[in-house]
Amino acid sequence: MNRYNIIVNRSTFCVIICCFLIFGAIVCSAQEVIKNYTVYTGVVKVQGTELLAIRKMEKSGKVVYLTVNPQTLTTQLIADVVVRPMDWKSSKAYFQQTPYFKAYDAAAKQALALQDAGVTHGFLKDKGITLTIDLCPSHKPLDRIIFTSLIKEFAKIEQPVPVALSITGRWMLTHTDDLNWLKELVAKKEIDITWIDHSFNHHVSPTAPLKTNFLLEPGTDMNFEILGTELAMLQHGLIPSVFFRFPGLVSDQRVVDKVLAYGIIPVGSDAWLAKGQKPAAGSIVLIHGNGNEPAGVADFIKLLKSKTAEVTSKQWLMYDLSESVEDEFGGSE
């Protein structure tokens, strides 16, 4: 894996400084400063479990690592530990038979399609779905009805309700109240959120063809789009997952390879509701919660209401994204 340092690239540094100066109250007064945020690989053992470190940073005078559990695909921040440095190729060989690297390899093999590369379906167990909600840049408020409806429907069955949010840096910069509301729901254990990197800017052109649109736009700084979003998450107290969602679900082999070089796994969808795609058992469902896709939100609420009896009998549940991928790719052989 190539190493990248988010503060070394001058243009990247300037963009981050401009963004965070504008919203300085958010970053400086409320959160700790994170410095020297870099891609890094190594192995660390915590309470008998070996974790893979994928990022390194300085926070409050300490060296902190973002780690992933290769068996469960869950991430956590670890400090005050001894990490054994290991390059990416060696790390991959070391954890070869884990769900994390099986999902990683599967995503790499699905990179040829211009749309919907990556993992698109979870494990078909019982009935239910994995819900992913995209928060692309928008001047509109969060569609809170999605979350209040989930909490109401699953109140006596499944708490906290698992959801995955694909979040952009620009959405975080302009939706502080909505983000704090989501964090409050997590704190109250009403929902459990997997935070997916959805790029920082989410550039899109209404006229450009797909092959030069979204992250395929010439001149895109992938280092900033990926690490800038992760850094913004951390500044807001969020833990980045190992998942990445392409804006517009648009990619090509080159950009998929770039994303994989950061140790993160592209996740697509086999049921984008606003496009009329119907979810099946194990589907990774996509809706937009940024106020720009009312049809998709309405379709999801309708779907939720239609499953009331099955929810009550625990025959239709919401699945955690990390658990779904872990089950799909099955552990050690």
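Residues are numbered from 1 along each chain as its sequence is written. In this predicted model, local features need pLDDT of at least 70 and side-chain atom pairs count only at pLDDT 80 or more, while totals for chains, interfaces and linings use all residues, and side-chain values use heavy atoms, with hydrogens and water left out.

Reader: Which element gives the most residues to the lining of the second largest cavity?
Author: A cavity is a set of points, on a 1 Å grid over the protein atoms alone, where a 1.4 Å probe fits but cannot get out, and its lining residues have an atom within 4 Å of a point. The second largest cavity holds about 30 Å³ of space, a volume being the space filled by probe spheres set on the points, which are joined across faces, edges and corners. Its lining includes Thr130, Leu131, Pro162, Val163 and Ala164, and the elements giving two or more residues are strand E6 (128-135) and strand E7 (161-167), strands being DSSP runs (E) of at least two residues and helices runs (H or I) of at least four, numbered from the N terminus. With 3 residues, the element that gives the most is E7.

Reader: How is H5 oriented relative to H10?
Author: Helix H5 (residues 144-153) and helix H10 (residues 294-306) pack with their axes 11 Å apart at an angle of about 5 degrees, where axes are lines fitted to C-alpha atoms over the stretch in contact and angles run from 0 to 180 degrees between N-to-C directions. Their contact (heavy atoms within 4.5 Å) involves Ile145, Ile146, Ser149, Leu150 and Glu153 of H5 with Val297, Phe300, Ile301 and Leu304 of H10. Because angles under 35 degrees count as roughly parallel, over 145 as roughly antiparallel, 65 to 115 as roughly perpendicular and the rest as oblique, H5 is roughly parallel to H10.

Reader: Is Leu260 buried or exposed?
Author: Leu260 is found in helix H9 (residues 253-260), and, leaving aside neighbours within four places in sequence, Leu260 is in contact with Tyr104, Ala108 and Pro266. Of these, Tyr104 is itself among the buried residues of H4, a helix (residues 99-109) in which 8 of the 11 residues are buried. Buried means under 20% relative accessible area, exposed over 50% and partly exposed in between, with a 1.4 Å probe and protein chains only, so Leu260, at 4% relative accessibility, counts as buried.

Conventions: On a 1 Å grid over the protein atoms alone, a cavity is a set of points where a 1.4 Å probe fits but cannot get out, and a pocket is an open set with protein on both sides within 12 Å along at least five of seven lines; lining residues have an atom within 4 Å of a point.
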